[in-house]
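My notes follow in the order I took them.

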Amino acid sequence: MNGRAVVLGGGLAGVLAASVLARHLDSVVVVERDRYPDGPVVRKGVPQAQHGHLLLTGGIRQLEALLPGVVDELLGHGARRLGLPRDVVSLTAQGWMPRFREMRFALSCSRALLDWVIRKRVLGDGRIRVEEDTTALRLCGDGARVAGVLVRDRASGQPRLLEADLVVDATGRGSKAPEWLRQLGLPEVREELVDPGLAYATRLYRVPPGAPADFPNVSIQAEPGNGRPGRAGVIFPIEGGQWLVTLSGTRGAEPPVDEAGFEQFARELPHPVISELIAAAEPLGRARGYRNNANRRRRFDRLRRWPEGFLVIGDAVATTNPTYGHGMSVAAGEAVALHRGMHRYQLHRGSARRIQRGMAAAAQASWMMATSQDRLYPDVVGGEPSRASFVQKRLTDRLQRVAAEDPVVFDALLQGHTLSGVPSPLVIPRVVRGLLRGGARPNHDDPPFTPAERAVLAPQDPLEGDKA
């Protein structure tokens, strides 16, 4: 198809959008305000780049469909493949979950590695050109059609026009798309917000000597709906024999970033296992915090009018609490929706509106899952809990207890959490029967480690107590 696209933002969502558009149009220009590093190192312009990231089953499948072979390339550079639930030691409000055989899977690696591998694959396409150190100023056109974007070179300060048949905004949480659309005479974009005040702190560690190479992901989950702030922690095994350890808390329980405070917060989680593990590991630098974690969705798909030649993708559309691990998978799903929309509608009249709605639909499941939980924390801003929220929580708790006894129900639960589809109609009756029957609470005392994994735990000072 003839035409040129301009993608604003060269992060994960923008690069995936560029990979899609290069299949459908003659050329693509990626406008990136920073400069890309030469290798898998942290880039200043990526929010949460220092923190742990998981790519879940649904996202992995969609990423592989977009870029065949990229998963093997990530694994070749040291990313960990985690079989779910086999390679996860997880404490929920219902107790320690069993480590059944692998049913789903996830990739655990640094954000820097993931971005670098994908960037190398995509930006090597001769149809894609990158303009670094360049900032988008405003859209050019009117309420009926966007015809380009005004940008400014950060070195010279000179503005210039980039004409385009399609402009895609992938500038993330800080997107100015609502303001740009108002300037073109379009209505206000409605925004939805559910903010439990989540903050988190992450520190990098070297894996303890003697730890098995396949040491599992370790997760202590928060409990919404008990009237107290949520506290959680997770150990992400990543490339290079390292652990990314992230501690998180909702409003009123924000984790500190100083060394003593970080370690104390880990000890005060519902179980001390993360504290014991990091006591055996070597810290590699200081802890880093991040607080801009509200669930926020802009309803571009609900505008009565939408201009031809303009789309919004990624965190600029919807962003959710990162503790659910959905962000990168949703970005991949939106890119697949973009590909399907371009294939079906091309750039015909009304295509942008249809494609925008398709990308909004790709983020729907993640949004509902995250906000239904986050509404239950105290002092949440926006989306206060309803009676239905607490009913849903009771059903979820019951389903977790059933899943701990029934691998088929566990797999159905994982399908939702990993954004990998809905249970088969053959499975649904079994899930319903399980909900009616209920289940026993899983073990609350001992993490289900293997003997080799348990040997890594550092002995704890008995004076500190044990909150197991």
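**Helices α11 and α13**

I started with helix α11 (residues 387-403) and helix α13 (residues 428-437), which pack at an angle of about 105°. Their axes are 9 Å apart. This is a predicted model, and I read everything below with that in mind. Angles of 65 to 115 degrees count as roughly perpendicular, so α11 and α13 fall in that class.

I then listed the contact residues. From α11 I noted Leu395, Arg398, Leu399 and Val402. From α13 I noted Val431, Gly434, Leu435, Leu436 and Arg437. By type, the contact of α11 with α13 has 6 nonpolar residues, 1 polar and 2 charged.

**Helices α2 and α8**

Next I looked up helix α2 (residues 57-66) and helix α8 (residues 327-345). Their axes come within 8 Å and cross at roughly 45°. That angle makes α2 oblique to α8. I recorded the crossing as left-handed.

Which residues make the contact of α2 and α8? On the α2 side I found Gly59, Gln62, Leu63 and Leu66. On the α8 side I found Ser329, Ala332, Gly333, Ala335 and Val336. I sorted the residues of this contact into 5 nonpolar and 4 polar, with no charged ones.

**Aromatic pairs**

I searched the whole structure for aromatic pairs and got 6. One of them is Phe100 with Phe410. Their ring centres are 5.5 Å apart and their planes stand at 85°, so I logged the pair as edge-to-face. Phe100 sits in the loop between β6 (95-96) and β7 (104-109), and Phe410 sits in helix α12 (residues 407-417). The pair therefore ties together parts that are 310 residues apart in sequence. I checked burial too: Phe100 and Phe410 are both buried.

I also looked at Tyr200 and Tyr290. This pair is tilted, with 6.1 Å centre to centre and 40° between the planes. Tyr200 belongs to strand β14 (residues 199-206) and Tyr290 to strand β19 (residues 288-290), so this pair ties together parts 90 residues apart in sequence. Tyr200 and Tyr290 are both buried as well.

Ring pairs link Phe215, Trp243 and Phe449.

**Gln356**

Is Gln356 buried or exposed? I found a relative accessible area of 1%, so Gln356 is buried. Gln356 is part of helix α9 (residues 351-362). I looked up what Gln356 touches, leaving out residues up to four places away in sequence. The list reads Phe300, Trp306, Leu311, Val312 and Val317.

**Helix α10**

I went through helix α10 (residues 364-374) for buried residues. They are Ser366, Trp367, Ala370, Thr371, Ser372, Gln373 and Asp374.

**Glu179**

My last entry is Glu179, in helix α5 (residues 177-183). Glu179 has 36% relative accessibility and so counts as partly exposed. I also checked Glu179 against Arg138, which lies 41 residues apart from Glu179 along the chain. Their C-alpha atoms are separated by 8.9 Å.

Note on methods:
Residues numbered from 1 in each chain as written. Predicted model: local features only at pLDDT ≥ 70, side-chain atom pairs only at ≥ 80, totals over all residues. Heavy atoms only, no water. Helix = DSSP H or I, 4+ residues; strand = E, 2+ residues; numbered from the N terminus. Buried < 20%, exposed > 50% of the residue type's maximum accessible area, 1.4 Å probe, protein only. Axes fitted to C-alpha atoms, helices over the stretch in contact; angles between N-to-C directions. Parallel < 35°, antiparallel > 145°, perpendicular 65-115°, else oblique. Left-handed = near helix turned anticlockwise from the far one by under 90°. Contact = heavy atoms within 4.5 Å. Nonpolar A, V, L, I, M, F, W, Y, C, P; charged D, E, K, R; others polar. Phe/Tyr/Trp six-rings, centres within 6.5 Å; stacked < 30°, edge-to-face > 60°.
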